[in-house]
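Here is a walk through one protein model, with a few stops along the way. Keep the viewer open and follow along.

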Amino acid sequence: MASLVIYLLGAFVRVWLCTSEYRNVIADRIEISTPLNSWKRVTEGLHLLDLKIYPYTGDTLHEPPLHLLAYNFVVKSCGDYLYVIFVCCDLFTSYLLYTCARKYMEHLRETQNRNKDKYAKDAMNLLLTEKDFAISPQYVAVAYLFNPYTVFNCVGFTTTVFGNFFIAAFLVGLSYGNLLFATLPLAICISQSFYPVLLISPLFLQLIMKKDSKIKGAIAVMLTVGFWIAITYLSYNLYGRWDFIENTYGFILTVPDLHPNIGLFWYFFIEMFEHFRHLFIYSFQINVTILYLVPLSIRFRKDPMLLATSLLSLTAIFKSYPCLGDVGFVISLYPCWRHLFNYVQQGFLVSCCFFVTTILGPTVWYLWIYSGSANANFYFGVTLAFATAQIFLITDILFSYTKREFSLKYGRIRKINAKVAQLTLE
């Protein structure tokens with residue numbers, strides 16, 4: 001009953017904002033809508049479609065053709081009640097995350113029971129209780145339903161709502177080790193925003209660990225790539241042209257639109273000389289795709305769920321066109337590791353940074369664009385602080401995970417030269 005009330009309250013908040021005068025204000029915020037996920041751009045593409053004009057003419061639309069076809073069906077079916085689709089999709093995403101968290105907590109229980117005899121005697125109070133296993137999934141659902149970032153993301157009618165839904169579906173498939181329900185949603189996510197291609201790594205590792213077979217992992221990779229190719233080929237068949245790739249994947253990778261957002265790309269490419277552009281494009285894209293993938297996959301190979309969350313977090317920070325919906329989705333997953341919060345050292349600092357930058361962002365934007373008493377440096381300073389807070393958060397969680405592992409194996413009290421030693425982050 002309590003769970004139903006929570007979902008109804010989450011739905012009420014979204015419906016109220018969607019039908020209020022604040023919806024257009026929220027939808028126009030650059031922190032919410034980007035060139036990649038803006039519903040206005042989708043609407044323009046659908047209008048061109050109705051006029052029998054190729055929707056990828058110009059630089060307006062950046063959604064794949066197959067996705068545009070789905071949006072066209074949704075718009076024609078729902079009419080003035082389009083907001084119901086966004087609200088329902090957000091509620092389903094919350095439920096999927098709850099299901100994923102519940103399965104992950106079952107995995108933690110099995111792992112804890114299996115390795116209990118290997119833990120140090122003075123580390124028994126670090127073990128998770130039945131209350132921890134039961135309450136963490138509920139916190140995940142609540143964190144998604146009432147997170148301002150995800151609420152605004154839904155109210156702003158961004159296509160990130162659908163992206164989050166499919167990522168949540170992938171995480172459920174990942175948790176259960178189900179090939180179809182993991183690979184197909186992942187392929188859809190890759191076709192929409194490309195960066196989820198990194199999630200192939202935790203999928204491969206999960207199937208190796210769960211099925212105890214590298215063949216299953218290889219099949220999962222091939223299925224994901226196969227579905228992705230099939231979606232791309234179907235998109236080609238809709239118009240018989242391949243140039244939509246330049247407006248989708250090409251747009252994401254080359255970053256031609258330098259409208260300000262909460263990311264880090266736009267400021268650097270505005271300020272630097274044009275002949276350095278390719279160098280910085282390669283450097284930034286390597287940073288968000290390849291740089292962290294291998295070391296994190298090696299270190300957290302035994303916990304694919306944490307690895308997936310880490311990669312999603314880093315993508316939300318460093319991708320070319322991030323939005324608050326990406327950040328809110330990742331934050332909603334962190335209650336799965338609430339047992340690590342006792343080890344977190346930067347919690348107060350990170351919380352303050354999130355709070356202050358969330359308020360300062362719109363304020364500095366107004367001073368820059370409307371008042372003329374600030375400039376791009378002010379706004380970029382806020383987005384840089386926001387990105388730094390996210391980096392502190394994910395590194396703190398990962399280091400806390402390492403500290404807890406160490407404490408479980410070797411005990412909480414360690415001495416060096418007869419003095420109590422403490423593991424700290426330098």
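Let's begin with what counts as a salt bridge: a side-chain nitrogen of Lys or Arg within 4 Å of a carboxyl oxygen of Asp or Glu. Bear in mind that this is a predicted model, where local features need pLDDT of at least 70 and side-chain atom pairs count only at pLDDT 80 or more, while totals for chains, interfaces and linings use all residues. Residues are numbered from 1 along each chain as its sequence is written, and side-chain values use heavy atoms, with hydrogens and water left out.

How many salt bridges does the structure hold? There are 11. One of them joins Glu405 to Arg299, at 2.9 Å from N to O. It ties together distant parts of the chain, with Glu405 in helix H20 (residues 376-410) and Arg299 in helix H16 (residues 293-299), 106 residues apart. Helices here are DSSP runs of H or I with at least four residues, numbered from the N terminus.

Are these two side chains tucked away or out in the open? For that we use relative accessible area with a 1.4 Å probe and protein chains only: buried is under 20%, exposed is over 50%, and partly exposed is in between. Glu405 has 34% relative accessibility, so it counts as partly exposed, and Arg299, at 35%, counts as partly exposed too.

Now look at Arg338 and Asp132, whose side chains meet in a salt bridge at 3.0 Å, N to O. This pair spans 206 residues: Arg338 sits in the loop between helix H18 (324-333) and helix H19 (347-371), and Asp132 in helix H6 (residues 130-145). Arg338 is partly exposed at 27%, whereas Asp132 is buried at 18%. Lys319 and Asp326 form another salt bridge, at 3.4 Å; Lys319 is buried at 9%, and Asp326 is buried at 13%.

On to the cysteines. A disulfide is called when a pair of cysteine sulfur atoms lies within 2.5 Å, and by this rule the count is zero. Cys89 is in no disulfide, as the nearest cysteine sulfur, that of Cys154, is 8.2 Å away. Cys89 is buried, at 11% relative accessibility. The sulfur of Cys336 is 6.2 Å from the closest cysteine sulfur, in Cys100, so it is too far for a bond. Cys336 is buried as well, at 0%.

Last stop: helix H8 (residues 160-176). H8 is mostly covered, with 14 of its 17 residues buried. Just after H8, Gly177 takes a positive phi of about 70 degrees.

How values were computed:
Helices (H or I, at least four residues) and strands (E, at least two) are DSSP runs, numbered from the N terminus.
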